Amino acid sequence: MHDESSNKSGQSGQSVEPGNPARRNFMKTSALASLAGAAGLALAGCGRKGDQVGTAGPAKAAAAAGELSDHVPPGQLDEYYGFWSGGQSGEVRIVGVPSMRELMRIPVFNPDFTIGWGVTNESKRVLGPNFPPGGDCHHPHMSQTDGHYDGRYIFINDKAHTRVARIRCDVMRTDRITDVPNVQAIHGLRVQRAPRTGYVFANGEFLIPAPNDGRDLDDPKKYQTMFSALDGDTMEVAWQVLVDGNLDNTEADYAGKYAISTCYNSEGGMDLPSTMQAERDWVVVFDIARIEAAVKKGDFKTIGSSKVPVLDGRHGSSFTLYIPIPKNPHGINASPDGKYVVANGKLSPTVTVMEWSRIDDWFAGKLKDPRDTVVAEPELGLGPLHTAYDGRGNGYTTLFIDSQIAKWNIEDAIAAHGGKKVNYLRQKIDVAYQPGHCHSSMGETRDADGKWLVSLNKFSKDRFLPTGPLHPDNDQLIDISGETMKLVADGPVYAEPHDVILLHRRLLIDKVKKSWERDDPFFAETVAMAKRHDINVLADSKVIREGRKVFVYMTSAAPIFGLGSFKVKKGDEVTVVVTNIDAVEDVSHGFCITNYGINMEISPGATASATFTADKAGVFWYYCTFFCHAMHMEMSGRMLVEA
Ligand code: RUQ
Ligand code: CUA
Ligand code: CA
């Protein structure tokens, strides 16, 4: 392992002041218009003439002693792994923090030719037979044990196709994707923290008829949605709970007893104005033990062809608690001390702080009014969306409309709620522009270390060289280690990350494999097929024909494939299986067949396969796509397809 780098000397410390105040006010107005205005109102006036970019220039200043720097010198390693949702790209990105260097991409819902995701048989087993062209992922979260990251899996939602995926952290590869039945658009996703993950909680955002088969189209009163719990080990949907209203973001407690979701559409509205009618919507709390007991008792129904137990958790149910809060709330975030959970008000300038022990009391019948679980409702600014924590009792809340992050103290907010004259607001920092999530290092675990905060800004405007009408998002790195927040770096990203997690490298650095184990389940089925053909994939390069099916086995060792050519007939179904027998770290090979739409990555120790129909006669060269050797260009061969 590399030494800890001394980061003190590096340059950093971008000015906190992002530019002239007139522009800031302008951004605020246009964002307000987009939030509160009619749905059709575009951010028309938002653009700025390109001749005024001077104010956005990074005013670099040397970091003072004791401040954190984003500078990671050549050869040094980042202290944190960041897992960035890839948004509409459907992928997850691994980013080093604080350098903000992108280290790797993990294709999840998106076909990716680089590694053959969506091309290889191994990836198609994960993606399913008729996999859609991509996904919209928002919320990556790592499995936990007793409130600590445990390095096993990262789970992520696909809002576009109502799915949940799991990524194995030992090889950084997606290994399971589950379609969630009976709901539409999985948005909020979070994991059970204790005793372990356990459940993966997933919100169905939109309201639909049940079953959604063409009935009740014009009867929105019958539309509904559900809260889903997947089993993180099997990736089966364990149970679903029917709720009133819709579901946006979700969160879990630190004791393993509850999950909790925000609802912005308690109105059951079918258009923008009707979802904004009520002064209060709510959060809904799910009592996991009571739900499990009801499932055991058979207290559920199933819908259509799905076998998933569906429980009725609407108002009046014994295992849900609806807590009214203002207005169209969005994010919900549990504090790492295990005591509180904070819902972010979006259309209200407030966040609502609820205490888990009071939620205990409510379920125990000791409290009558659900609002008695609320211990504070501090006013922070316009458009609060998400809150992160430093482990020192402070919350950091993104203010979308104000383009700011507010730092505030939880206990002081509770004291103020109780009538004491205290100022809970610690600082506001400008971010550029319109932040959605912010996330702190280790901040969603008991190990919150209060060093870094990343603000994921939806707009970058004039912060970067223009790239056409589509602008990148702007991820900003903020030092929260001291009393005051300090903006350290800007970084453009491709749309649209939504959310990240930041975990210390000690959790993964020794767990991540540098080559594949030969018995890895990811390609076990392919190796078993080879065995049935009496092939030892580590040694044999051979063509086997079974009627119109041809199996081509070959090894790859820099710089040659085990077969210099193979012959098939036009119309054959061809399966090529390549095994990388270079046991050398970082010597990955690729296998691409020219003009045949085939490419796959074969890293050290791996076996990869692809099946296709040889529908064009002729000579088609195959070649290695990863530069593996001085003679990499020569690492090729011919597929001969007889007419
Ligand atoms: S949630 S910011 Cu806030 Cu999916 Cu996107
Ligand atoms: Cu193998 Cu390039
Ligand atoms: Ca509402």
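Of the 643 residues of the chain, 58% count as buried, where buried means under 20% relative accessible area, exposed means over 50%, and partly exposed lies in between (1.4 Å probe, protein chains only). The model is predicted, so local features need pLDDT of at least 70 and side-chain atom pairs count only at pLDDT 80 or more, while totals for chains, interfaces and linings use all residues. Residues are numbered from 1 along each chain as its sequence is written, and side-chain values use heavy atoms, with hydrogens and water left out.

The chain exposes about 25,800 Å². Carbon and sulfur atoms supply 53% of that area. Accessible areas come from the Shrake-Rupley method with a 1.4 Å probe; for residues, only the protein chains shown count as cover. Contacts (heavy atoms within 4.5 Å) were split by sequence separation. Residues 24 or more positions apart account for 60% of the contacts with a separation of 6 or more.

Secondary structure comes to seven helices and 41 strands. Helices (H or I, at least four residues) and strands (E, at least two) are DSSP runs, numbered from the N terminus. Two strands pair if DSSP finds at least two bridges between them.

Four strands form an open sheet in the order S19-S20-S21-S22, with antiparallel pairing. Strand S19 (332-334) and strand S22 (374-376) stand at the edges. Each has a single partner strand, so one side of each is left without a neighbour in the sheet. Neighbouring strands of this sheet are turned by 30 degrees against each other on average, direction ignored. Axes are lines fitted to C-alpha atoms, for helices over the stretch in contact, and angles run from 0 to 180 degrees between N-to-C directions. Strand S21 (residues 351-355) is joined to S22 by two bridges, and the two run antiparallel. Met354 stands opposite Val374 in S22.

Two helices pack on this sheet. Helix H5 (residues 356-363) touches S19, strand S20 (340-344), S21 and S22. The direction of H5 makes about 65 degrees with that of S21. Helix H6 (residues 410-417) touches S20, S21 and S22. The direction of H6 makes about 100 degrees with that of S22.

The structure holds 36 salt bridges, each a side-chain nitrogen of Lys or Arg within 4 Å of a carboxyl oxygen of Asp or Glu. One of them links Lys257 to Asp360, with the closest N and O atoms 3.1 Å apart. Lys257 lies in the loop between strand S14 (250-252) and strand S15 (258-263), and Asp360 lies in helix H5, so the pair ties together parts that are 103 residues apart in sequence. Lys257 is partly exposed at 35% relative accessibility. Asp360 is partly exposed at 24%.

Glu355 forms a salt bridge with Arg358, the closest N and O atoms being 3.5 Å apart. Glu355 counts as buried at 19%, whereas Arg358 is partly exposed at 33%. Glu91, Arg93, Glu102 and Arg105 are joined into one network by salt bridges that share partners. Asp175 pairs with Arg166 at 2.9 Å between the closest N and O atoms. Asp175 is buried, with a relative accessible area of 18%. Arg166 is buried as well, at 5%.

S35 pairs with strand S41 (residues 636-642) in the parallel sense over five bridges. The bridge partner of Phe566 in S41 is Met639.

Key: Chains lettered and ligands numbered in written order.
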